[in-house]
Amino acid sequence: MYKRVSIFLTICLSLLTLLACTESTQAGQEKNYGKLPKITGQSYNGQKIDTSKYKGKVLIVDFWATWCPPCRKEIPGFIALHKQYGPKGFQIVGVSFDDEEAEHKQFAKQERLNYPSILGKDNVAAVNAVEKKIGSIEGIPTTIVVDRQGNIRYVHVGYADKAEFEKIIKKYL
């Protein structure tokens, strides 16, 4: 009996993980969702992050996790976008839904992230405030684009390639 319950729980947890992590390529929603709430924290590299200091820049805030294959698939595109458009007033901030700081830090260093990423569990109030603006974060990756005035302008749930995000950020640069 215990073995059946254990197998059942394992299957349920696996399905929940797959449902939370989506490879969907549906079009994102572009509209004015209002001001981005302040998100603060310490990045994997020790850098202090405060999204309110990025006002005047176009900003991507990416909600992701190291255990999410579509999230991991987006990272090289974000690295390239940050390298290409960073000097033109563009910034990315990752908000990881990982539980373990060490895993997050190791992944960020291994992938050579060139932008900051903080842990969402240390910023629950900020994540909740973002959800009040855009709706519940029901799957990851969830990526938002913020204009130079600090307004959330675009929300995408699921995987999108570099070209998709490039098209959106260029509108606001």
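Which residues of helix H4 (residues 124-134) are buried? In this predicted model, local features were considered at pLDDT of at least 70 and side-chain atom pairs at pLDDT 80 or more, whereas totals for chains, interfaces and linings use all residues. Residues are numbered from 1 along each chain as its sequence is written, and side-chain values use heavy atoms, with hydrogens and water left out.

The buried residues of H4 are Ala-126, Val-127, Val-130 and Ile-134. They lie on the same side of H4 because they cover an arc of only 100° around the axis, the arc being that of the directions from the helix axis to the C-beta atoms. An α-helix has 3.6 residues a turn, so residues three or four places apart point the same way. Buried denotes under 20% relative accessible area, exposed over 50%, and partly exposed the range in between (1.4 Å probe, protein chains only). Helices (H or I, at least four residues) and strands (E, at least two) are DSSP runs, numbered from the N terminus. The exposed residues Ala-125 and Lys-132 are carried on the face of H4 turned away from its buried side. Ala-129, also placed in helix H4, is partly exposed, with a relative accessible area of 25%. Between Ala-129 and Ile-39, the C-alpha to C-alpha distance is 9.2 Å, although the two are 90 residues apart in sequence. The cover over the buried residues of H4 includes strands S1 (29-35), S4 (58-64), S5 (90-96), S7 (142-146) and S8 (151-157), with contact defined as heavy atoms within 4.5 Å. Just after H4, Gly-135 adopts a positive phi of about 100°. In the loop between H4 and S7 lies Pro-141, and the peptide bond from Ile-140 to Pro-141 is cis, with omega near 0°.

The chain as a whole contains 5 helices and 8 strands, arranged from the N terminus as α-β-β-β-β-α-β-α-β-α-β-β-α. Of its 173 residues, 48% are buried. Among contacts in the chain with a separation of 6 or more, 73% involve residues 24 or more positions apart.

S4 and S7 are antiparallel and pair over 5 bridges, with Leu-59 opposite Val-146 in S7. The buried residues of H5 are Phe-165, Glu-166, Ile-168, Ile-169 and Tyr-172.

Strand S5 is mostly covered, with 7 of its 7 residues buried. Phe-90, Ile-92, Gly-94 and Ser-96 lie on one side, and Gln-91, Val-93 and Val-95 on the other. S4 and S5 run parallel and are joined by 7 bridges, and Ile-92 in S5 is the bridge partner of Ile-60. The β-α-β crossover from S4 through H2 to S5 is right-handed, that is, with the strands pointing away from the viewer, the path from the first strand over the helix to the second runs clockwise. S5 also pairs in the parallel sense with S6, over 3 bridges; here Ser-96 stands opposite Leu-119.

The largest nonpolar core comprises 46 residues, of which Leu-36 and Ile-144 touch the most other members. Such a core is a set of buried Ala, Val, Leu, Ile, Met, Phe, Trp, Tyr and Cys residues joined through side-chain atoms within 4.5 Å. Not counting residues up to four places away in sequence, Leu-36 touches Thr-51, Leu-59, Val-61, Val-130, Ile-144, Val-146, Gly-150 and Ile-152.

In the loop between H3 and S6, Arg-112 has a positive phi near 60°, in a residue other than glycine. Arg-112 counts as exposed, at 68% relative accessibility.

Key. Pairing = 2+ DSSP bridges.
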